[in-house]
Amino acid sequence: MGVINVLDKHVAELIAAGEVVERPASAIKELIENSIDAGATSITVEIQNGGITYMRVTDNGCGFMREDVKLAFLPHATSKINIENDLDRIATLGFRGEALASISSVSRLQLITCHKSETIGTSYEIEGGEEVSFDDAGCPVGSTIIVRDLFYNIPARMKFLKKDRAEGNAVANVIDKIALSHPEIAITFIRDGRRVLSTSGDNRIKSAIYSVYGRDFANGLIPVNYELGGIKVQGYVSKPVNARPNRGMQNFFINGRYVRSGTASAAIEEACKGSVMVGRYAACVLHLKVPFESVDVNVHPSKIEVRFINERPIFDAVYHAVKSSLNKNDERKEITFDGAVKNDAFSEIRKPKPFVAQPKVFEKAPEPIAKPVSKPLNPIEKLDIPFVTSDKDELMAKAADNDFNPFDVFSKQAVRRDLNVTKAIEKNKATEPVDTEIVYEEPKKVESAKPVEVQTKKEPEPLYEQPKNKLIFVGEAFNTYIIVEKNEKELVIIDKHAAHERMVYEKLKKERGAGFSQLLLHPVTVILNKLDYEAAVANLDMFRECAFDVDDFGNGALIVRAAPQYLDFDDVESSVIEMASYIAQNKTDIRSERMDWIYHNVACRSAIKGGNISTREELMEIANKLDEDPTLRYCPHGRPVCVVMSRYELEKQFGRIQ
């Protein structure tokens, strides 16, 4: 007896369904694409429990004709391909004819539809691939497909589904991409009875971006519109200052289909060189219109990846489109030689305003003992200060005089016209002006039998006291390397960033973020794609163990209220984005591995940077802690923290020792 069996229809359909329907998000994607191909201008999607128990897709497309309803649920049944040559010019999103057959074989499905040429609609129910009912129905033109209890008949597949929240976010991620790919369609997404997304359908890409990612993200974009060699590139790219630490917000669409394209991503990175900081990536929403015959979309079951006949034209088109957009919308100010500042955004030259010195009001000094005399004892240049009527007016007048130094009032050689004396002289003066001078009287000597102790002024104590017989501060090279002398025998050169990074890492690891957090004056809102968002929300405790206070802000956003002490405010958002992306991409459940990476990331960003100006006290604090703990010899990335050169080696280099 042979060993090869021909599978029956039901088993073959279940296997085929596994290739098309992996989770609720896969089913939603196929159903929405069918609605788009039907010419819908409005699509409503509703799910419950992440789509596992309930999914509904309603559109106002052309609908199904009654005689085609049952045929649509047969394997390989499609209205988009007739002959072999049609595969070379696929212009629709769906074409395989497997979606409805696969979904209906693993769920309880109901179709309510009415074709635009018919007056009575049709209701068709099918469970597990078997027909249940076929009746008339009253409904508007278009289609509504309701899917219940996905994988109810395949328990093995059901156990691989994630929690409702994770599955719901996967559905939201698919809908976001479709909303961005077709701004001409008004899309509404209802999740567990709450509307979380609604696009206007005004055919403006910027409006769709605003609805999906919010105002802040949309305002940080610049337009792209370019055509090269028959390839048209249109959409938006982020400003260089708004670049992100990963590629999670790069969205590419080929002929209205969302795809992952390494070619387009590499072109953007090349175009952003010189504008975007190394290690950061531009976010984008770019639509590429290419000839249908030049791209093959039939290389992946989910059609998420495509293949080009020639990738070079795609690279060149995206590169020149992004590069020209960045050059055209460069908002950096140009400094001219005459001191004027030219801002291309306003097309005008603004001259800097003249600087006007504001008068400073100083505290009134102690009044000296003075007496008027007819002739000056020593010829001193007279002060030509107008008579004033108040202390404030006098001080303002003196402050305006460049020769007036308010800090000389305690010197014996200083001359100052006291306000009270001036008023008295002005009141009693005769017709002839009287020359007056204010001088200090020497205090009378008091004879005493006992010698008077003279207290000498103590020198201020230094802020930093050199430890004895330990490290002696020599200096800092290139604002990066600390140079210290140890026990008159060794010269130690320390990388201050690497050393501080290791110290912060050990502190985080030991205390698990306790006492290392500080509240932010202004909470930071972080926008993520739905997959990274789901991973972050499911692991908020990991952020807290790294001294972040992060909460779910809803609809793909997190709010950060506290961050590690040493972390710059500008690095808070990028740190959270990197951490969320790592958690989402790391498929293992080893918590220590995830936390170790997060500690590395926070320590690297929190540590003082090479090139930053540091005080002597800060540098010696690092050097002393490094000397006290011999285990701190490498940074978390494995780079050495310090280099030690003995006095013998140094003197040998200079020929002092043979």
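This is a predicted model: local features need pLDDT of at least 70, side-chain atom pairs count only at pLDDT 80 or more; totals for chains, interfaces and linings use all residues.
Several helices and strands contribute to the lining of the second largest pocket. At least two residues each come from helix H7 (215-219), strand E9 (221-228), helix H9 (312-328), strand E22 (517-527) and helix H15 (572-585). Of these contributions, that of H15 is the greatest, at four residues.

## Histidine 522 in strand E22

Strand E22, which supplies at least two residues to the lining of the second largest pocket, also contains histidine 522. The relative accessible area of histidine 522 is 52%, and because the cut-off for an exposed residue is over 50%, histidine 522 is classed as exposed. In sequence, histidine 522 stands 39 residues from arginine 561, while the C-alpha to C-alpha distance between these two residues is 7.5 Å.

## The second largest cavity

The model has two cavities of 30 Å³ or more.

Three elements each give at least two residues to the lining of the second largest cavity: helix H5 (164-181), strand E8 (194-198) and helix H6 (205-213).

## Packing around helix H5

Helix H5, a contributor to the lining of the second largest cavity, packs against helix H6. The axes of H5 and H6 come within 8 Å of each other and cross at roughly 165 degrees. Angles over 145 degrees count as roughly antiparallel, and H5 and H6 are therefore roughly antiparallel to each other. The crossing of H5 and H6 is right-handed.

Helix H5 also packs against helix H13 (residues 530-538), with an angle of about 160 degrees and a distance of 8 Å between the axes. H5 and H13 are therefore likewise described as roughly antiparallel, and H5 and H13 cross in a right-handed manner.

## Helices H12 and H17

Another packing pair is formed by helix H12 (residues 496-511) and helix H17 (residues 616-628), whose axes lie 10 Å apart at an angle of about 60 degrees. H12 and H17 are therefore oblique to each other, and their crossing is left-handed.

Glutamate 511 belongs to helix H12. Its relative accessibility is 33%, so glutamate 511 counts as partly exposed. Glutamate 511 and glutamate 545 are 34 residues apart along the chain, and their C-alpha atoms are separated by 8.6 Å.

## Positive phi angles in two loops

Most residues other than glycine have a negative phi. Aspartate 192 has a phi near 55 degrees, which is a positive value in a residue other than glycine. Aspartate 192 is located in the loop between strand E7 (186-191) and strand E8.

Glutamate 488 also has a positive phi, near 55 degrees, and is a residue other than glycine. The loop that holds glutamate 488 runs between strand E20 (481-486) and strand E21 (490-495). With a relative accessible area of 55%, glutamate 488 is exposed.

## Cysteine 604 in helix H16

Cysteine 604 is part of helix H16 (residues 591-606). The relative accessible area of cysteine 604 is 26%, so this residue is partly exposed. Between cysteine 604 and histidine 637, which are 33 residues apart along the chain, the C-alpha separation is 9.2 Å.

Definitions and conventions:
Residues are numbered from 1 along each chain as its sequence is written. Side-chain values use heavy atoms; hydrogens and water are left out. Buried means under 20% relative accessible area, exposed over 50%, partly exposed in between (1.4 Å probe, protein chains only). Axes are lines fitted to C-alpha atoms, for helices over the stretch in contact, and angles run from 0 to 180 degrees between N-to-C directions. Angles under 35 degrees count as roughly parallel, over 145 as roughly antiparallel, 65 to 115 as roughly perpendicular and the rest as oblique. A crossing is left-handed if the near helix is turned anticlockwise from the far one by less than a right angle, and right-handed if clockwise. On a 1 Å grid over the protein atoms alone, a cavity is a set of points where a 1.4 Å probe fits but cannot get out, and a pocket is an open set with protein on both sides within 12 Å along at least five of seven lines; lining residues have an atom within 4 Å of a point. Grid points are joined across faces, edges and corners, and a volume is the space filled by probe spheres set on the points.
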